[in-house]
Amino acid sequence: MSLIDKSIILLFLGGLWSVPTPTTKIEMGGMELNYQKTKTGVRCAIAAPTTGWVAVGFNNRDDIISADLLQFNVQDGTVYGEDQYVQAAGKHPVDVSLPEGQNQIKNLEGREENGWTYISFELAWESADPFDFALRPQKPVWLILAYSNSDDFAHHSHLREHRSVIW
């Protein structure tokens with residue numbers, strides 16, 4: 001099945017995603033993030049063992065506070081995504097509700113299958129949104145992956161892990 005576009009095919013086989021190169025795969029807490037750098041940005045695919053929400057966040061430090069958080073769920077076959085900014089624990093408004101905030105999520109697709117949620121999306125390298133993390137190739141970033149057993153974006157995560165990576 002193609003989730004991002006014809007240039008990337010995501011295939012779920014026995015719990016593993018297979019994504020054509022050049023891609024990077026990061027596994028944390030039973031979740032998997034695959035991403036492929038492009039000229040204009042990055043294509044991402046997330047898989048998590050839940051039918052609740054899944055999230056990926058970016059920060060310049062090992063903290064959820066001040067993170068650029070992208071949260072997704074699938075409800076009745078429809079995919080939803082929010083570009084949020086974490087102001088405090090439990091307080092993460094959508095960027096578009098903040099002054100000069102914008103939604104950076106592009107080409108959002110996803111599905112739920114056999115108790116797993118699969119999401120794909122694209123992010124641009126450049127954003128005019130002051131609440132977005134400036135992803136840069138070959139630069140360090142604190143990556144946050146999380147998921148919940150609930151589709152409610154306000155529901156606390158079942159699992160959340162942070163890891164410093166070179167993007």
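Leaving aside neighbours within four places in sequence, with which residues is Leu143 in contact? In this predicted model, Leu143 touches Ile26, Met28, Leu33, Val56, Gly57, Phe58, Glu161, His162, Arg163, Val165 and Trp167. Contact here means heavy atoms within 4.5 Å.

Residues are numbered from 1 along each chain as its sequence is written, and side-chain values use heavy atoms, with hydrogens and water left out. Because the model is predicted, local features need pLDDT of at least 70 and side-chain atom pairs count only at pLDDT 80 or more, whereas totals for chains, interfaces and linings use all residues.

The protein chain has 0 helices and 12 strands. Along the sequence the pattern is β-β-β-β-β-β-β-β-β-β-β-β. Of the 167 residues in the protein chain, 45% are buried. Buried means under 20% relative accessible area, exposed over 50%, and partly exposed in between (1.4 Å probe, protein chains only). Among contacts between residues at least 6 apart in sequence, 53% join residues at least 24 apart.

The mean pLDDT of the protein chain is 87, and 87% of its residues reach 70 or more. This score is the predictor's confidence in each residue, from 0 to 100. Over residues 1-20 the pLDDT is below 50, yet this stretch has 46 contacts in the model beyond near neighbours in sequence. Where pLDDT is low, the predicted coordinates should not be read in detail.

In soluble globular proteins, nonpolar side chains tend to be buried together. The largest nonpolar core here has 27 residues. Such a core is a set of buried Ala, Val, Leu, Ile, Met, Phe, Trp, Tyr and Cys residues joined through side-chain atoms within 4.5 Å. Leu33, Val56, Phe58, Phe72, Phe121, Leu143 and Trp167 have the most contacts inside this core. Two or more residues come from each of strands S3 (24-28), S4 (31-37), S5 (41-48), S6 (54-59), S7 (68-75), S10 (116-124) and S11 (140-147). A second, separate core of 9 residues includes Ile64, Ala67, Leu69 and Ala146.

Leu145 lies in strand S11. Its relative accessible area is 1%, so Leu145 is buried. Apart from neighbours within four places in sequence, Leu145 is in contact with Met28, Met31, Leu33, Ala55, Val56, Leu159, Arg160 and Glu161. Leu145 and Arg160 are 15 residues apart along the chain, and their C-alpha atoms are separated by 5.7 Å.

Arg160 also belongs to the lining of the largest pocket. On a 1 Å grid over the protein atoms alone, a pocket is an open set of points with protein on both sides within 12 Å along at least five of seven lines, where a 1.4 Å probe fits; lining residues have an atom within 4 Å of a point. The lining has 18 residues, of which Ile64, Gly90, His92, His156 and Arg160 lie nearest the pocket centre. S7 and S11 each supply at least two lining residues.

Glu100 is found between strand S8 (78-85) and strand S9 (106-113), and is exposed, with a relative accessible area of 63%. Asn114 is found in the loop between S9 and S10. Its relative accessibility is 66%, so Asn114 counts as exposed.

Terms used. Helix = DSSP H or I, 4+ residues; strand = E, 2+ residues; numbered from the N terminus.
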